[in-house]
Amino acid sequence: MKRFITVRMWEETKDKLEQVRIDKSMKEKKMISLAQVIDELVDEYLNKNSKGT
């Protein structure tokens, strides 16, 4: 059961991340990898949360 939930959560998250990648690629008019989008989102999250401490 855990495996099913984990796979389903990953699929939903991956779909959302893929949409972010597509939007960012269209905005910047260049190809962006999914890994790069994840890296940038993590950096933004860490920067936003480190300012609060």
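**View 1. Helix 1 and helix 2 are roughly perpendicular to each other.** The model is predicted. The two helices pack at an angle of about 95°. The axes of helix 1 and helix 2 lie 9 Å apart. On the helix 1 side, the contact is made by K14, L17, E18, V20, R21 and K24. On the helix 2 side, the partners are L34, V37, I38, E40 and L41. Six residues of this contact are nonpolar and five are charged. No polar residue takes part in the contact of helix 1 with helix 2.

**View 2. K29 sits in the loop between the two helices.** Helix 1 covers 2-28, and helix 2 covers 34-50. K29 falls between these two ranges. Its phi is near 55°. That is a positive value, in a residue other than glycine. K29 has a relative accessible area of 73%. The cut-off for exposed is over 50%, so a residue at this level qualifies. K29 is therefore classed as exposed.

**View 3. S25 is a buried residue of helix 1.** The relative accessible area of S25 is 10%. Which residues touch S25, once its neighbours within four places in sequence are left aside? They are K30, M31 and I32. A further pair gives a distance for this view: S25 and Q36. They are 11 residues apart in sequence. Their C-alpha atoms are 11 Å apart in space.

**View 4. R8 is a partly exposed residue of helix 1.** The relative accessibility of R8 is 47%. This lies between the cut-offs of 20% and 50%, so R8 counts as partly exposed. R8 and M26 are 18 residues apart in sequence. From C-alpha to C-alpha, R8 and M26 are 27 Å apart in space.

**View 5. K16 is an exposed residue of helix 1.** K16 has a relative accessibility of 60%. The C-alpha atoms of K16 and E44 are separated by 17 Å. Along the chain, K16 and E44 are 28 residues apart.

**View 6. The whole chain holds two helices and zero strands.** This view sets the close-ups in context. The chain has 53 residues, and buried residues make up 9% of them. The radius of gyration of the chain is 14 Å. A compact globule of 53 residues would have a value near 10 Å. The C-alpha atoms fill a box of roughly 40 × 35 × 15 Å, taken along the principal axes. The accessible surface of the chain comes to about 4900 Å². Carbon and sulfur atoms account for 60% of that surface.

Methods
Residues are numbered from 1 along each chain as its sequence is written. This is a predicted model: local features need pLDDT of at least 70, side-chain atom pairs count only at pLDDT 80 or more; totals for chains, interfaces and linings use all residues. Side-chain values use heavy atoms; hydrogens and water are left out. Helices (H or I, at least four residues) and strands (E, at least two) are DSSP runs, numbered from the N terminus. Buried means under 20% relative accessible area, exposed over 50%, partly exposed in between (1.4 Å probe, protein chains only). Axes are lines fitted to C-alpha atoms, for helices over the stretch in contact, and angles run from 0 to 180 degrees between N-to-C directions. Angles under 35 degrees count as roughly parallel, over 145 as roughly antiparallel, 65 to 115 as roughly perpendicular and the rest as oblique. Contact means heavy atoms within 4.5 Å. Ala, Val, Leu, Ile, Met, Phe, Trp, Tyr, Cys and Pro count as nonpolar, Asp, Glu, Lys and Arg as charged, and the others, Gly among them, as polar. The radius of gyration is taken over C-alpha atoms; the globule rule is 2.2 Å times the number of residues to the power 0.38. Accessible areas come from the Shrake-Rupley method with a 1.4 Å probe; for residues, only the protein chains shown count as cover.
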